[in-house]
Amino acid sequence: MSTYHPLTENEAIEIARSLTSVLPNAETLHCREIGDGNLNLVFHITDPNSGRSLIMKQALPYAKVVGESWPLTLDRARIESESLIIEGKLAPELVPQVYKYDPELALTIMEDLSDHVIMRRGLIEGGRYPRFAEDISTFLAQTLFFTSDLGMNQQEKKLRVRDFINPELCKITEDLIFDDPYTVSANNSYDAAIEDEAEELRTDGELHLEVALLREKFLTQAQALLHGDLHTGSIFITPESTKVIDPEFAYFGPMGFDIGAVLANLLLNYASRDGWHASDSEAADYREYLITTIRDIWTQFEAKFLKLWDEHGIDRIASAAPGYKELYMKRLLQDTIGFAGAKMVRRIVGLAHVADIDRIEDAAVRERAQRTALAIGKSLIKLNRRAESIEQLIDAAVTASSA
Ligand code: SR1
Ligand code: MG
């Protein structure tokens with residue numbers, strides 16, 4: 001059983017039986033494969049007698065969303081389980097507990113979070129999450145600061161960079177975010193109604209320059225250990241709790257890529273609201289909630305990151321050079337805004353879309369949401385190097401949605 005092969009539900013049950021510390025005295029176990037993501041199998045295993053349960057996530061040797069024609073390394077299961085362990089130490093309570101990692105089977109066995117909902121779905125349904133800004137800003141500040149040269153020994157960091165070289169998963173990002181949307185690519189997919197927008201993306205030189213600069217950062221800047229795919233489908237949530245899952249795209253890259261991913265996915269939801277409310281005023285009210293959340297995330301992240309720097313900074317030069325901190329935070333905001341824009345654009349014209357927009361049934365409302373998301377995305381990409389404040393991101397979103 002231990003040689004790699006995709007597990008059946010019965011095999012998953014047999015493995016679960018050996019985890020007696022999580023499922024003690026289990027007699028009948030139930031198992032369902034519930035993976036609805038782009039890449040992996042996910043087994044949900046429950047013991048109906050005790051009510052205990054766990055999740056088993058198995059990497060497939062190809063990208064499930066495309067098929068066996070797109071081979072993919074199983075090493076991503078190691079990257080994911082090691083990242084979860086690091087994140088769990090830096091941001092306790094904000095990631096699932098890992099019970100076991102099996103390298104042969106590319107299998108991570110972890111805490112079941114099915115009392116939470118996937119945040120993308122929660123937002124589509126109009127849920128409000130009062131803890132989210134506080135939790136995600138803590139997750140970002142803790143994980144990014146303590147894996148950067150500001151917060152960890154710089155020689156140890158280089159060894160960590162080696163452990164998290166993740167070329168195949170990074171290549172997906174490099175293609176899907178920084179290349180395909182701006183060219184004719186077989187990976188792209190979008191509604192015929194927005195062909196004019198796709199054409200504009202292929203010919204806008206100003207946009208191409210900014211995307212090339214963002215791509216250069218993604219390729220070269222090993223600033224901190226990123227989650228690497230921090231969209232709202234990678235977050236489990238309730239009003240009282242936030243759990244970040246799925247860090248298989250983890251690698252050392254520019255911090256703004258993770259922060260931008262969170263903001264981009266809130267903005268994609270923002271662009272979709274007319275598709276999910278009975279009245280304009282309800283949609284406007286929810287958009288206001290999203291904007292407040294975005295503002296709070298950046299403001300709280302910035303305050304927490306600077307506090308960590310003051311209290312735990314290990315880099316004498318970075319702490320002492322006059323003006324360095326201010327410049328560092330300004331560049332981080334600019335990267336956040338640029339990567340947020342790039343992440344929005346790819347979700348409208350590229351390979352993997354978001355349900356927030358794709359599941360809007362009315363074609364005209366869906367088209368409007370797609371155009372709004374592209375307008376916000378493009379304006380953030382063009383704004384990035386000039387940005388001085390999070391209010392400029394907010395203004396760009398409000399302006400694009402009221403145009
Ligand atoms: C082929 S994988 C497509 C997308 O799914 C993941 O969640 C990442 O966002 C990736 O770009
Ligand atoms: Mg994922």
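1. The shell around ligand 1 takes at least three residues from each of two domains, domain 1 (9-111) and domain 2 (117-402). The model under discussion is predicted. The residues surrounding ligand 1 are Asn-38, Leu-39, Ala-63, Val-65, Ile-172, Thr-173, Leu-176, Asp-229, Leu-351 and Ala-352. Helix H6 (residues 167-178) supplies the largest share of this shell, namely three residues. In terms of residue class, seven members of the shell are nonpolar, two are polar and one is charged.

2. Asp-229 belongs to the shell around ligand 1, and an unreviewed UniProt entry also places the feature "binding site" at Asp-229 and Arg-346. These two positions span 118 residues in sequence, yet their C-alpha atoms are not more than 13.0 Å apart, so they gather at one spot.

3. Asp-229 is located in the loop between strand E9 (224-226) and E10. This residue counts as buried because it has 22 C-beta neighbours inside 10 Å, the threshold for burial being 20 or more. If neighbours within four places in sequence are left aside, Asp-229 is in contact with Ser-234, Asp-246 and Phe-249.

4. Arg-346, the other annotated position, lies in helix H12 (residues 324-349). Arg-346 has 25 C-beta neighbours inside 10 Å and therefore counts as buried. Not counting residues up to four places away in sequence, Arg-346 touches Leu-176, Ile-177 and Pro-181. Of these contacts, Leu-176 is also one of the residues that surround ligand 1.

5. Another member of the ligand shell, Ala-63, has Gly-67 in E5 as its bridge partner. The strands concerned are strand E4 (residues 62-63) and E5, which pair in the antiparallel sense over two bridges. A hairpin through three residues joins E4 to E5.

6. An open sheet is formed by three strands in the order E8-E10-E11, with antiparallel pairing. Its edge strands are strand E8 (117-118) and strand E11 (241-244), each of which pairs on one side only. Strand E10 (residues 235-238) and E11 run antiparallel and are joined by four bridges. Within this pair, Phe-236 stands opposite Lys-243 in E11.

7. UniProt, in an unreviewed entry, places the feature "domain: Aminoglycoside phosphotransferase" at residues 31-265. Over residues 31-265 the chain is 40% helix and 21% strand. The end C-alpha atoms of this segment are 31 Å apart.

8. One further position may be noted: is Asp-362 buried or exposed? Asp-362 counts as exposed because it has 11 C-beta neighbours inside 10 Å, where 12 or fewer is the limit for that class. Asp-362 is placed in the loop between helix H13 (355-358) and helix H14 (363-383). From C-alpha to C-alpha, Asp-362 and Gly-341 are 25 Å apart in space, and they are 21 residues apart in sequence.

Terms used:
Residues numbered from 1 in each chain as written. Chains lettered and ligands numbered in written order. Predicted model: local features only at pLDDT ≥ 70, side-chain atom pairs only at ≥ 80, totals over all residues. Near = placed C-beta within 6 Å. Nonpolar A, V, L, I, M, F, W, Y, C, P; charged D, E, K, R; others polar. Domains from an automatic or database assignment. Pairing = 2+ DSSP bridges. UniProt positions renumbered as here; feature names shortened; annotations may be inferred. Contact = placed C-beta atoms within 7 Å.
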